[in-house]
Amino acid sequence: PVSEPVFAAQVKIEGAEDTLYVGDKIALKATVFPPQTTDTSITWSTSDETIYRLFSVPDAFAVRLRHG
């Protein structure tokens, strides 16, 4: 039998609450809940790539590029 997909109900992002200054780099970690979620992949993005640059290979991290 085909099982029903389990959808994410919440994503907790560690590191996003930290203050970054220009040139700072911070690791980001996403945890998807519930743990049985079928697809736990994360796509990282920012609303302004001139202020923050996000990278996800091999681990997710953000770099602050300028004040804004």
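Aspartate 48 is partly exposed, with a relative accessible area of 27%; partly exposed lies between buried (under 20% relative accessible area) and exposed (over 50%), using a 1.4 Å probe and protein chains only. Aspartate 48 forms a salt bridge with arginine 66. This is a predicted model: local features need pLDDT of at least 70, side-chain atom pairs count only at pLDDT 80 or more, and totals for chains, interfaces and linings use all residues. Residues are numbered from 1 along each chain as its sequence is written, and side-chain values use heavy atoms, with hydrogens and water left out.

**The salt bridge**
- A search of the whole structure finds one salt bridge, meaning a side-chain nitrogen of Lys or Arg within 4 Å of a carboxyl oxygen of Asp or Glu.
- In the pair of arginine 66 and aspartate 48, the closest N and O atoms are 3.9 Å apart.
- Arginine 66 lies in the segment after strand S5 (61–64) and aspartate 48 in the loop between S3 and S4, so the pair ties together parts that are 18 residues apart in sequence.
- Arginine 66 is partly exposed too, at 36% relative accessibility.
- Side chains of opposite charge can pair when their charged atoms come close.

**Overall form**
- The protein has five strands and zero helices; these are DSSP runs numbered from the N terminus, with helices (H or I) of at least four residues and strands (E) of at least two.
- The radius of gyration is 15 Å, while a compact globule of 68 residues would have one near 11 Å; the radius is taken over C-alpha atoms, and the globule rule is 2.2 Å times the number of residues to the power 0.38.
- The C-alpha trace spans about 55 × 20 × 20 Å along its principal axes.
- Of the 68 residues, 18% count as buried.

- The largest nonpolar core has five residues: Leu20, Ile26, Leu28, Ala60 and Ala62.
- Such a core is a set of buried Ala, Val, Leu, Ile, Met, Phe, Trp, Tyr and Cys residues joined through side-chain atoms within 4.5 Å.
- Not counting residues up to four places away in sequence, isoleucine 26 touches Gly15, Asp18, Leu20, Ala60, Phe61 and Ala62; contact means heavy atoms within 4.5 Å.
- Alanine 27 lies in strand S2 (residues 25–27) and is exposed, with a relative accessible area of 57%.
- The C-alpha atoms of alanine 27 and phenylalanine 61 are 4.2 Å apart, although 34 residues separate the two along the chain.
- Beyond neighbours within four places in sequence, alanine 27 is in contact with Glu14, Gly15, Ala60 and Phe61.

**The loop between S3 and S4**
- Isoleucine 42 is partly exposed, with a relative accessible area of 33%.
- Tryptophan 44 has its place in this loop and is partly exposed at 22%.
- Leaving aside neighbours within four places in sequence, the contacts of tryptophan 44 include Ile13, Leu28, Leu54 and Ala60.
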